[in-house]
Amino acid sequence: MLDLIYALEGLCYYFSMKPNEFWNSTYREINVYTQAKLCHTIDNFRQDIRLQEVVTDKLIMADAMSNRKPKVIQLQNVFKNLFPSKEENIQSPEEITKRIREIMETKKD
C-alpha cells in the first residue's frame, strides 16, 4: 500500500497538488483527485482532436481545387478508443446519476 501511495505522489504533483495537500489527504481523496484530473486531461485531448479535425477539414476543402478527391481520414476514427460510440453519448440524467453512483461505490471498495 505504501508503494502505491508513493507512486501516486508524483502524479498528484504533476496535476498541481501541493505536497502538504497530498500528505494531508486520505487515499480515497487522492484517488478521486487523480481520476478526475485524468478524465479532465482526456476531455481536453478529445477537444483538441475535434478542433484539429475541423481545421484540417477546412484546409483540405480549401485545397480541393487542386485535388478533386482528397482522401480524408477522420481523426476521431484514428483515436476511436478515446471517443465513445454515439449511442453511449446519449444518456438520460437518471442513467448518468446511476453510473456516477456505481463508480463512487466501486471507489469506496
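## Exercises on a predicted model

Cys39 is partly exposed, with a relative accessible area of 46%. The model is predicted.

**Exercise 1.** Classify Cys12 as buried or exposed.

*Solution.* Start with the cut-off: buried means under 20% relative accessible area. Next, take the value for Cys12, which is 0%. Cys12 is therefore buried. Now return to Cys39: its 46% makes it partly exposed. Last, count the disulfides: the structure has zero.

**Exercise 2.** Find the residues that make up the largest nonpolar core.

*Solution.* The core has five residues. They are Leu8, Cys12, Met17, Phe22 and Ile30. Next, take Leu8 and leave out residues up to four places away in sequence. Leu8 then touches Phe22, Tyr27, Ile30 and Thr34.

**Exercise 3.** Describe the surroundings of Glu9.

*Solution.* Glu9 is buried and has none. The nearest side chain of opposite charge is Lys18, 15 Å away. A salt bridge needs the charged atoms within 4 Å. Third, look for a polar contact. The side chains of Glu9 and Tyr13 are joined by one of 2.7 Å.

**Exercise 4.** Summarise the whole protein: how many helices and strands does it have?

*Solution.* Count the elements: six helices and zero strands. Read along the sequence, the pattern is α-α-α-α-α-α. Then check burial: 12% of the 109 residues count as buried. Finally, take contacts between residues at least 6 apart in sequence. Of these, 35% join residues at least 24 apart.

Definitions and conventions: Residues numbered from 1 in each chain as written. Predicted model: local features only at pLDDT ≥ 70, side-chain atom pairs only at ≥ 80, totals over all residues. Heavy atoms only, no water. Buried < 20%, exposed > 50% of the residue type's maximum accessible area, 1.4 Å probe, protein only. Lys, Arg positive; Asp, Glu negative; His and termini not counted. Polar contact = N/O pair within 3.5 Å; in protein donor to acceptor, adjacent residues only side chain to side chain. Contact = heavy atoms within 4.5 Å. Disulfide = S-S within 2.5 Å. Core = buried A, V, L, I, M, F, W, Y, C linked by side-chain atoms within 4.5 Å. Helix = DSSP H or I, 4+ residues; strand = E, 2+ residues; numbered from the N terminus.
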